[in-house]
Amino acid sequence: MKVTMQQVSDGVARYIDRDLVPKAQGFGKWVIGLSGAYSTAIVQTMMSEHNGLLSSLGIMSEDGMIEIDDLASNLKNVASTVGPVTHHIPIVGDVTFDASDIERLHSYIVG
């Protein structure tokens with residue numbers, strides 16, 4: 001299924017609000033919640049920075065559409081093989097992601 005960058009941004013915002021904010025502590029809840037409000041800008045910046053890679057892998061078409069099912073499936077396989085990863089978010093702290101996060105994010109994007 002091909003989706004727009006806006007659909008990805010909206011899905012990321014839902015994931016942040018529903019999955020990350022409830023797990024955060026103290027002021028981190030506000031910081032993560034605020035990032036959800038700016039998810040469109042964040043996603044667009046990330047996609048622009050990696051546009052060449054995404055295009056060469058066949059994930060993004062010339063018109064900017066994203067092949068979300070293939071991306072999610074392959075990313076879930078990598079996450080299942082490699083295992084959970086932890087990312088440090090300033091002010092918030094360490095956040096751990098695994099294959100189940102990919103599944104939830106995918107479901108929020110495709111609606």
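Tutor: Helix 6 has twelve residues and spans 17 Å from its first C-alpha to its last, close to the 16 Å expected at 1.5 Å a residue. This is a predicted model, in which local features need pLDDT of at least 70, side-chain atom pairs pLDDT 80 or more, while totals for chains, interfaces and linings use all residues. Residues are numbered from 1 along each chain, and side-chain values use heavy atoms, without hydrogens and water.

Student: What makes 16 Å the expected span of helix 6?

Tutor: The expected span is 1.5 Å times one less than the number of residues, and helix 6 has twelve residues.

Student: Which residues of helix 6 are called buried?

Tutor: Ala99, Asp101, Ile102, Tyr108 and Ile109 are; buried means under 20% relative accessible area with a 1.4 Å probe, protein chains only. They pack against strand 1, helix 1, helix 5 and strand 4.

Student: Why is the pair of Tyr15 and Tyr108 called tilted?

Tutor: Rings of Phe, Tyr and Trp (its six-membered ring) pair if their centres lie within 6.5 Å; planes under 30 degrees apart are stacked, over 60 edge-to-face, and the rest tilted. The centres of Tyr15 and Tyr108 are 6.5 Å apart and the planes stand at 50°, so the pair is tilted.

Student: What makes this a link between distant parts of the chain?

Tutor: Tyr15 lies in helix 1 and Tyr108 in helix 6, 93 residues apart. Both are buried.

Student: Which residues are closest to the centre of the largest pocket?

Tutor: The largest pocket holds about 1300 Å³ of space. Of its 36 lining residues, Val12, Met46, Leu75, Ile102 and Leu105 are closest to the centre.

Methods: 1 Å grid on protein atoms, 1.4 Å probe; cavity = no way out; pocket = protein on both sides within 12 Å on 5 of 7 lines; lining within 4 Å. Points joined across faces, edges and corners; volume = space filled by probe spheres on them. Helix = DSSP H or I, 4+ residues; strand = E, 2+ residues; numbered from the N terminus. Buried < 20%, exposed > 50% of the residue type's maximum accessible area, 1.4 Å probe, protein only. Contact = heavy atoms within 4.5 Å.
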